[in-house]
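Please look over the sequence and the model below before reading on, and keep both in view as you follow the text.

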Amino acid sequence: MIHTNIQGRRKTCGLTQEQVAERLGVSRQTVTKWETGESMPDLANAAALADVLDVSLDALVSYDAQGTELPLPPRGKHLFGTVTVGERGQVVIPKQARDLFGIEAGDVLLVLGDEGQGLAMVKADEFMDHVSSLLDQVKGRGGHHDGGGCKA
């Protein structure tokens with residue numbers, strides 16, 4: 001599985017085998033062998049390769065696109081699978097997603113939508129905490145906005 005993930009993610013990143021080899025300090029032939037499954041990178045090279053390809057080491061080693069036809073997601077992005085929408089619009093959030101984001105029964109989620117990008121869900125209480133914090137910052141500065149606290 002790692003060999004298909006290496007090749008797929010390399011292509012998604014727009015990198016040649018030569019570029020990956022150069023960044024890792026290995027030969028292009030070594031990268032070719034990894035991508036064909038003829039050999040596998042050692043742990044140090046696999047970790048470096050995950051960094052170059054901007055994926056987690058776990059995803060590089062174990063991601064299985066079978067049935068999804070979707071490429072290996074970049075680091076910090078997750079593909080939890082599909083859900084079916086019920087007659088009244090209800091969905092069941094996959095367990096892995098609930099565990100990762102600490103979503104429990106009774107939590108209230110805010111559903112956001114963008115016609116160009118789709119839907120997103122966030123915990124309502126955490127969202128409101130961020131809104132309150134932003135309002136406090138604006139009030140504390142007499143209503144002046146400085147670009148979100150970025151350094152000039």
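Predicted model: local features only at pLDDT ≥ 70, side-chain atom pairs only at ≥ 80, totals over all residues.

Residues are numbered from 1 along each chain as its sequence is written, and side-chain values use heavy atoms, with hydrogens and water left out.

Two packed helices are described by the angle between their axes and the distance between the axes. Helices here are DSSP runs of H or I with at least four residues, strands are runs of E with at least two, and both are numbered from the N terminus. The axes of α1 (residues 2–12) and α3 (residues 28–36) come within 6 Å and cross at roughly 120°; axes are lines fitted to C-alpha atoms, for helices over the stretch in contact, and angles run from 0 to 180 degrees between N-to-C directions. That makes α1 oblique to α3, since angles under 35 degrees count as roughly parallel, over 145 as roughly antiparallel, 65 to 115 as roughly perpendicular and the rest as oblique. In this contact (heavy atoms within 4.5 Å), H3, I6, Q7 and R10 of α1 meet W34, E35 and T36 of α3.

The strands β1 and β2 form a hairpin with three residues between them, and they pair in the antiparallel sense over six bridges, where pairing requires that DSSP finds at least two bridges between two strands. L109 has K123 in β2 as its bridge partner, and V111 has M121 in β2.

The hairpin leads on to the pockets. A pocket is found on a 1 Å grid over the protein atoms alone, as an open set of points where a 1.4 Å probe fits, with protein on both sides within 12 Å along at least five of seven lines, and its lining residues have an atom within 4 Å of a point. The largest pocket has a volume of about 880 Å³, and of its 27 lining residues the closest to the centre are F80, I93, L119, A120 and M121. The largest share of this lining, six residues, comes from β2. The second largest pocket has a volume of about 330 Å³ and is lined by 16 residues, with D58, A59, Y63, H78 and Q96 nearest its centre.

How values were computed: Points joined across faces, edges and corners; volume = space filled by probe spheres on them.
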